[in-house]
Amino acid sequence: MLHIAYLASFFYALHYSLTIYIESSFLSQFFPERIIGAIYVAGAVLSIVGAINIPSFLARYGNYKIIIFLVFAELISLFGLALASTPGMALGLFILHQALITLIFISLNIFIESLTSDASTGRTRGVLLTIINSAILFGPLIAGGFLEDSNFGIIFILAIAFLLPVLLLVSINFKNHRDPSYEKVAFLKTAIEVIKRKEVYRIVTSRFLLEFFYAVMVVYTPIYLNKHMGIPFSDILGIIMPVALSPFVILPYIIGGIADKKLGEKEMLILGIVIISAGTMSLSFVTSASVITWTVLLLITRIGASLIESMSDTYFFKHVNASESGLIAFYGNLRSIALIVGPIFASMLLLVADIRYMFLALGIIMFFGIKHGLALKDTL
């Protein structure tokens, strides 16, 4: 059954990655750039509210019924986005879509966790990460082959096509799923515990900076490349992003072995921070619309991001055991928190500076992560 859950996760990630790099440009058809960040914030807030309250619904209805409902709701929201012709319609459906993406992933994770023994957790999560990253790599490539003249509707329809297998796989194979006992997570109490445990706090801070980087780059890079640099979406989605995202598929196994046998997570994490900081700051000074130039530079930033992602996961789970579900849930929610903080930061910056200086500011912020990396106690 685990392979079924893996397959469902692949199609889920594929449906998600098809739209992720066109969503901000889709919204820019209805709203000015300076408030697009606020729309992402609204989606992130709804995601967090949903994540906090979903255990109550899981306990009442069970994960099978919940995921069927969530996937149906996502199919409807995607269809609505494909047809959206007014700002109000686009706004409401997009915020709902953002929340549903998070909640469906939580639900899929519950199935995977129920099929995984403690002894195989690391291997299972490693395989899942590779599967999801592979889908996220191919999603933009597929989208780039279909997108013409900012016809974003076709991409949302494609996302529906890739989400339907999730509904089919779950409905056929998990109807008799046995639900565990669902417990609410006390996020404030957990946050206090994170602050008290210095090693956990330092690696959580490093990972939050990475999620902050993602939250800003995913929203504003496509807009900047297309509207300000004049690069067509066929090149952004078909060439630039697939190449830039390739380190997330290629590097984890390689750098994981290096960290285990030759260097600890600390050194690799710091290297990643240096690479991502320098690469991101350099983007503000690029005046060329060359696809090759932007591909190379964004590839460099993602090499740094891949190092940080892999090393932060490894270090965190070496300091947290499986019974500490609150800490694990808190770590998993860093992306939703970053999706609130990142767009707010970007929206405020756009009030006083040109969009190209966002990369400079973001790179400087990432550089401060070195302080937390240097403070870590190495595991070798």
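**Helix contacts and aromatic pairs**

In this predicted model, helix α9 meets helix α10 through P222, L225 and N226 on the α9 side and F233, I236 and I240 on the α10 side. Helix α10 covers residues 233–245, and its axis comes within 9 Å of the axis of α9, the two crossing at roughly 135°. Because angles over 145 degrees would count as roughly antiparallel and those from 65 to 115 as roughly perpendicular, α9 and α10 are oblique to each other.

Helix α9 also packs against helix α15, here at an angle of about 55° and with the axes 8 Å apart. These two helices are therefore oblique to each other as well, and their crossing is right-handed. On the α9 side the contact is made by V204, R207, F208, E211, F212, Y214, A215, V216 and Y220, while α15 contributes L334, R335, I337, A338, L339, V341, G342, P343, F345, A346, S347 and L350.

Helix α15 itself runs over residues 334–350, and its 17 residues reach 24 Å from the first C-alpha to the last, close to the 24 Å expected at 1.5 Å a residue. The buried residues of α15 are L334, S336, A338, I340, G342, P343, F345, A346, S347, L349 and L350.

A search of the whole structure finds 15 aromatic pairs. One of them joins Y12 and Y16, whose rings are stacked, with 6.4 Å from centre to centre and 5° between the planes. How are these two tyrosines, Y12 and Y16, placed along helix α1? They are 4 residues apart in α1, which spans residues 2–20, and so they are separated by about one helical turn. Y12 is buried, with a relative accessible area of 5%, and Y16, at 19%, is buried too, since the term applies to values under 20%.

Another pair, F212 with F345, is tilted, with the ring centres 5.3 Å apart and 55° between the planes. Because F212 lies in α9, which covers residues 198–228, and F345 lies in α15, this pair ties together parts that are 133 residues apart in sequence. F212 is buried, with a relative accessible area of 5%, and F345 is among the buried residues of α15. Both phenylalanines, F212 and F345, also belong to the contact between α9 and α15.

Finally, ring pairs link F26, F30, F31, F152, F156 and F233 into a cluster.

Methods. Residues numbered from 1 in each chain as written. Predicted model: local features only at pLDDT ≥ 70, side-chain atom pairs only at ≥ 80, totals over all residues. Heavy atoms only, no water. Expected span 1.5 Å × (residues − 1). Buried < 20%, exposed > 50% of the residue type's maximum accessible area, 1.4 Å probe, protein only. Phe/Tyr/Trp six-rings, centres within 6.5 Å; stacked < 30°, edge-to-face > 60°. Axes fitted to C-alpha atoms, helices over the stretch in contact; angles between N-to-C directions. Parallel < 35°, antiparallel > 145°, perpendicular 65-115°, else oblique. Left-handed = near helix turned anticlockwise from the far one by under 90°. Contact = heavy atoms within 4.5 Å.
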